Amino acid sequence: MALVNMRSCGRPGFHLCLRAYATRPIGSPRKREQQDDTPVFQYVGQHRKPQEKVFVWGFSYTGALGIPSFVVPDSGRKKPRKYQLTPYRLDTEQKISSAACGYGFTLLACNTKDLTKLWGMGLNKDSQLGFQRTQHDRNKSYEYVLEPSPVSLPLLNPQETRVLQVSCGRAHSLVLTDSEGVFSMGNNAYGQCGRKIVEDEVYSGSHLVHKIEGFDSRVTQVACGQDHSLFLTETETVYACGWGADGQTGLGHHNKTPCPVPVGGDLAGVKVQQVTTYGDCSLAVSTDGQVFGWGNSEYLQLASVTEATQISSPRLLPLRGLGRVRQAACGGTQVAVLNEEGDVFVWGFGILGKGPKLSESAVPERVPATFFGRSEFNPSVKVSSIRCGLNHFAAVTDRGELFVWGKNVRGCLGIGKHDDQYFPWRVTVPGHVKDVACGVDHMVALVKSII
Amino acid sequence: MTTQAVRLFRRMDGLFAVYKPQGVHWKLVRDTIESNLLKELNSCPPPAPQLAVKFQLLSSGANNGSKDLILSPSMLPSLADHPLVTGPQFHKVHVGVGHRLDAFSSGVLVLGVGKGNGVLEHLCRSHVTRDYTLEGEFGRATNDFSHTTRVIEKTTYDHVTQDKLEKVLAMIQGANQKALITYSQMDLRTQEAYELAVKGLLYPHGKSPPILTGLRCIHFNPPHFTLEVQCVNETQKYLRKLIHEVGLELRTSAVCSGVRRTRDGPFKAENALTRQHWTADCIIQAIAHFRKTTRKIRKSGMHGQTAGQLNSSTKIQEQIRSQIGQSDQSQEHVELSSPTSDKIVDRVTPGTG
């Protein structure tokens, strides 16, 4: 700002000072070049791809959430966090394509050709996460794994094989690969790992990862029940092994089965597209949209076809009004199916999702679509996948929102409170939920960011 | 005997909607309306002046001879009621304003005249939703969230696509729907709460922060985009901040270049009076047009007070809202024969639910 002092009058001793400032007068607009001088920031490039993230919540003391500072705090001032009531981001090295929650442990799989394809965290007392070598003694294995740790598989071509799917039961886990079949690890007291039962076998600290044989073709889907395992092969037949006291293996008897055997009953000759189990009841969905069930029926899961409390052979469930069923999910005492129109039907025992009054039902009850966000503004919202934990349900809509309801066991619903949820409630997750895995007291969500 | 002005004044009782232009303070609109009404009232021809008996000193008449002044009675107009003496007859008309609009926004502004002000209070206390159209522009962030104030930051926006915008809006709407139920202050573990939630009638009765009950993008042409919002308890600054937050979620910045209220409860923009029509005739016509609506709002408000149950009156308001919402939607999707903005469902007897 230059100050120019001019003398307008020549007479000495008296001058009329006229100061002209070089700033602009008030009220005149700023010139355009000055306005456009501000730098333009670029936060995101034009071709940025969305990021894949993993969120976990629930009971953390087993280590199943994979965040060690919840169990063993970093600094002395912090307290251990027993329940993580809202989704918490879990940092993973690779993009996780499949996740499974067992009873107190979690498996995360990445379908990469790298050597490390599988990470596990949580309870490892039965070596359900494989052998986790301790730092100080190379012959001992950790009983609680607090951080996602690599699980080694005895692959013939570790640089070619990809892991497609993982599944976890009470104390065993199954890993499905694309070219080398199914691997199992963990407890085999009932033959659920698909190998011969060894009396008094010590499972803790075991190095054994068994490759399951006995299938007629490639396995396309695995499902773990509490102490049994189900396999779906390429020829659309179902195999089962493990504990059968409730008939959950569906092999016509109530004994243990150490090796996978094809399931008969009403499923003989039927093309199956999906099998599901988590407790002691098992369901299969055929390619033409029919539902078959076997196993425990104490909670009216299969009451539509029989009054017996256990069915040892698959039976077609004569359910009407469901339409064409696309996906089914089994919990401990409750069952849910999803049809082609995106409607969810629930039945069984427990908190079913239609208010506190409905605590058990033998016939499928439709959960109103208004709970999943369908309104006048969005009339076409549909549920795209449905999952069951032991006492709760989770539904993912096509808009990427996650809804949960059921018993809030140790904060597993992720809604920020300890109360049970009697109708579907949105879980606030920062992103688009792609898939979710439900356990007994914790959950894992695979989320894609929006930008 | 009532004069024309008084008859005109008695017809000015009720609610009507006005289209407030942008850049004008709402108080100016209210004052203009009031002065227009007063002008009309005071320009009515005054009644004929009353005649009063006056004794005047008049000259005796025909005989010019005598210069006596005789006191003679005659009927003369009394000047006591002359408008130049008393001043204009009307100097105040009570014009009240419903939900206010700030100077930057435009749109439907509900005003009440005379006895309508009481009904206006019922309308304000009830929880009707309001529809807005928000114009946004990517690339700039200003200190006031509007496009005229000082620019703080400029960002690129070439990575923004319509489906990313839709995803962000879906996330925001999801959070707001959750807030709608959370602030309803009902115990969610009861069967009653479940029943209301199924029907979509679970929403905040008392105080709540601004909640958007509906949000969608109706036009996208980068850098410009237009959102349609349906909200409760909002302020216009909050809506401009919403545009800014949409920009932040998309990792860019956005400013709001226009806020336009298209509906306030049962009053829609089609029935709002524009500036040329802010005269007494048009206003009285508008009041007559909204007479049914006004009556229903008054009845529902009074019913809520007498019944003493907040639930039933707000249930009715919600039914009004949902009916309006449904009539909106049905107008958009299907050409139905009847639903209009004024149609409100009948009263529900208390004791249900």
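**Salt bridges and surface patches in a predicted model**

B:Asp131 and B:Arg263 are both buried (buried is under 20% relative accessible area, exposed over 50%, partly exposed in between, with a 1.4 Å probe and protein chains only). Their side chains meet in a salt bridge at 3.2 Å, N to O (a side-chain nitrogen of Lys or Arg within 4 Å of a carboxyl oxygen of Asp or Glu). This is a predicted model, where local features need pLDDT of at least 70 and side-chain atom pairs count only at pLDDT 80 or more, while totals for chains, interfaces and linings use all residues. Residues are numbered from 1 along each chain as its sequence is written, chains are lettered from A in the order in which they are written, and side-chain values use heavy atoms, leaving out hydrogens and water.

- B:Asp131 sits in strand E6 (residues 130–138) and B:Arg263 in strand E11 (residues 254–264) of chain B, so their pair ties together parts 132 residues apart in sequence (strands, E, at least two residues, and helices, H or I, at least four, are DSSP runs numbered from the N terminus).
- Over all chains, the structure holds 25 salt bridges.
- One network, joined by salt bridges that share partners, takes in A:Asp419, B:Asp187 and B:Arg189.
- In chain A, the side chains of A:Asp343 and A:Arg366 pair up at 3.4 Å, N to O, in a salt bridge.
- A:Asp343 is in the loop between strand E23 (334–339) and strand E24 (344–349), and A:Arg366 is in strand E25 (residues 360–366), so this pair links parts 23 residues apart in sequence.
- A:Asp343 counts as buried at 14% relative accessibility, while A:Arg366 is partly exposed at 39%.

**Surface patches on chain B**

- B:Leu51, B:Val53, B:Phe55, B:Leu57, B:Leu69, B:Leu71 and B:Met75 make a nonpolar surface patch of about 780 Å² (patch residues have over 30% relative accessible area and no salt bridge; nonpolar side chains, Val, Leu, Ile, Met, Phe, Trp and Tyr, are joined within 5 Å, like charges within 9 Å; areas come from the Shrake-Rupley method with a 1.4 Å probe, and for residues only the protein chains shown count as cover).
- Strand E2 of chain B gives the most to that nonpolar patch, with four residues.
- B:Leu51 is found in strand E2 and is exposed, at 52% relative accessible area.
- A positive patch is formed by B:Arg291, B:Lys292, B:Arg295, B:Lys296, B:Arg298 and B:Lys299 (Lys and Arg count as positive, Asp and Glu as negative; His and the chain ends are not counted; each charge is placed at NZ of Lys, CZ of Arg, CG of Asp or CD of Glu).
- B:Arg295 lies in helix H9 (residues 291–307) and is partly exposed, at 43%.
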